[in-house]
Protein chains: 2
Amino acid sequence: MPEERPAYDAKLDLIVRTAAAIIADKGFHRASIRDISRATGVSLSGLYYYFKSKDELLFLIQDHCFGRVLDNLERLLEGVTDPEERLRILIGNHLRFFSANMKEMKVLSHEAGSLTGEYRERVNAKKRRYAEVCADILRALRPAGSPVDLRAATFSLFGMLNWIYNWYHPDRDEPVEALAEDVGHLFLRGFLADPEADRKVFVAGGAPDDAGPSIWSR
Amino acid sequence: MPEERPAYDAKLDLIVRTAAAIIADKGFHRASIRDISRATGVSLSGLYYYFKSKDELLFLIQDHCFGRVLDNLERLLEGVTDPEERLRILIGNHLRFFSANMKEMKVLSHEAGSLTGEYRERVNAKKRRYAEVCADILRALRPAGSPVDLRAATFSLFGMLNWIYNWYHPDRDEPVEALAEDVGHLFLRGFLADPEADRKVFVAGGAPDDAGPSIWSR
DNA sequence: CCTTCTTTCGGACGAACGCTCGAACACCCG
DNA sequence: CGGGTGTTCGAGCGTTCGTCCGAAAGAAGG
């Protein structure tokens, strides 16, 4: 029976959101509890009334943020069966959420490795579920004889989607709706491309491989 | 006149490479100089004979690593004029280098924000140069009337390429040559797709937008 | 053997970190 | 008004961090 504590919830939300902004800017280990204390106006020890360790604070940010992404996605996908439309919904959902919650999503994407133990496992479980939803859609969408590895395709798409915290500025770049169409176009046209039409391109001009792996080895 | 000091260079190289592995695993601020001392066998203060601050060490890793990527790319592109082949060379170069130097490349991609001041600017200058080479290729390749924003396309490609440190395991996944072909296929077929063939897809089924941005706002 | 230059290291400094404790405050129900 | 519960905080604990200093060990040539 979760009690009603609106004041408590509001303050926790302020702390989580402020902490997310600071961690997004400075990185998890460089952002100190004292920074968060200063930014929220809550005393150092007062903060520990709301979380019991810095690790738990990071978990709260990530879990809360990712939970909303997943909930919204599942709600939007409900009743939609066409794989192509399902993929467009996933892309749109991901990018819209990213652009509306850049700080939290940067923490989710960038500080994945800063979580440990139980906390890490809980968030990873959600990520696996998300990746499976995506892989299922791609499996249904995949043209017969496609040369593209499914795992590579899934994570290539995630790369496109998650990298945007490194470059996208909602006010300087094209609006998020246009970005979602661009990414949808790029990925879908690539993933659905006729496999047969490729052969001639790949057999000709093998120049990139001529150098061999020797340059890269030490 | 740079003197010959093979012993010095070899030890510096050992330090840089070992440090890269530790930083890749634990993150820059969590990896301590004492960790690097332990792993290299060089004493704590002895390390400071080879770099003058932890920040400079991070810079050495990133600058040296990215320098090799750029040098190799420019060498491979020499004399090649066909934009499609140039792009395949860039993708192959990037991925091959990534898979052969996973630790250093993870540090380069993931710890970009840990650099400050002069060091940050020096590395960012190289990154801008790299992004411009890529954008130039895409500009030459772009089909007339393409709906895709050039900046979005460039960074979508970088997202595909740089995200791999989050999932790719050279021994468990498909070989890097096959991965390069997959990424090349996905991106090129998507980027070169006939713009006209798309309209019908985009006007139908606007479901993803029905929810509106209100869910995402707070 | 002595000199000079490079390379190495034990030990320590001050600063910043995450976190805790016990006391004090604020509010509500009786 | 009194007492209980939820909330806040100043002060400080123990630890780890990046960095520095002065001395000494090794290599090389005269």
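Analyst: Helices are DSSP runs of H or I with at least four residues, strands are E runs of at least two, and both are numbered from the N terminus. The model is predicted: local features need pLDDT of at least 70, side-chain atom pairs count only at pLDDT 80 or more, and totals for chains, interfaces and linings use all residues. Residues are numbered from 1 along each chain as its sequence is written, while chains are lettered from A and ligands numbered from 1 in the order in which they are written.

User: Which elements each supply at least two residues of the surface near DNA strand C?

Analyst: A residue is near a strand if its C-beta atom, placed from the backbone, lies within 6 Å of it. From chain A these elements are helix H2 (33-40), helix H3 (44-47) and helix H4 (54-77); from chain B they are helix H1 (6-26) and helix H3 (44-47). There are 19 residues around DNA strand C, and Ser45(A), Ser53(A), Lys54(A), Ser45(B) and Gly46(B) come nearest.

User: Which residues come nearest to DNA strand D?

Analyst: Ser45(A), Gly46(A), Ser32(B), Ser45(B) and Ser53(B) come nearest, out of 19 residues around DNA strand D. Two or more residues come from each of helix H1 (6-26) and H3 of chain A, and from each of helix H2 (33-40), H3 and H4 of chain B.

User: How do the residues near each DNA strand divide by class?

Analyst: Ala, Val, Leu, Ile, Met, Phe, Trp, Tyr, Cys and Pro count as nonpolar, Asp, Glu, Lys and Arg as charged, and the others, Gly among them, as polar. The surface near DNA strand C has 8 nonpolar, 6 polar and 5 charged residues. For DNA strand D the division is 8 nonpolar, 6 polar and 5 charged.

User: What rotation superposes chain B on chain A?

Analyst: Two copies of a chain are related by a rotation about an axis and a shift along it. Here the rotation is 180°, with 0.0 Å of shift along its axis and an RMSD of 0.0 Å (least squares on the C-alpha atoms of residues with pLDDT of at least 70 in both copies). The two copies are thus related as by a two-fold rotation axis. Gly190(B) is the residue of chain B that comes closest to the axis, with its C-alpha at 1.9 Å.

User: How many residues does each chain give to the contact between the chains?

Analyst: Chain A gives 56 residues and chain B gives 55, with contact meaning C-beta atoms, placed from the backbone, within 7 Å. In chain B, H4 (54-77), H5 (83-100), H8 (150-162), H9 (176-192) and H11 (207-210) each supply at least two. H9(B) gives the most, with 12 residues. The chain B side has 28 nonpolar, 14 polar and 13 charged residues. The copies meet through the same surface, because 98% of the interface residues of chain B are also interface residues in chain A.

User: At what angle do H7(A) and H8(A) cross?

Analyst: Two packed helices are described by the angle between their axes and the distance between the axes. Helix H7 (residues 117-141) and helix H8 (residues 150-162) of chain A cross at roughly 120°, and their axes come within 10 Å (lines fitted to C-alpha atoms over the stretch in contact, with angles from 0 to 180 degrees between N-to-C directions). In H7(A), Ala131(A), Cys134(A), Ala135(A), Leu138(A) and Arg139(A) meet Leu150(A), Ala153(A), Thr154(A) and Leu157(A) of H8(A). By class these are 7 nonpolar, 1 polar and 1 charged.

User: Where does H5(A) meet H7(A)?

Analyst: H5(A) (residues 83-100) packs on H7(A) at about 145°, with the axes 9 Å apart. Pro83(A), Glu84(A), Arg86(A), Leu87(A) and Leu90(A) of H5(A) make the contact with Cys134(A), Ile137(A), Ala140(A) and Leu141(A) of H7(A).

Notes
Contact = placed C-beta atoms within 7 Å.
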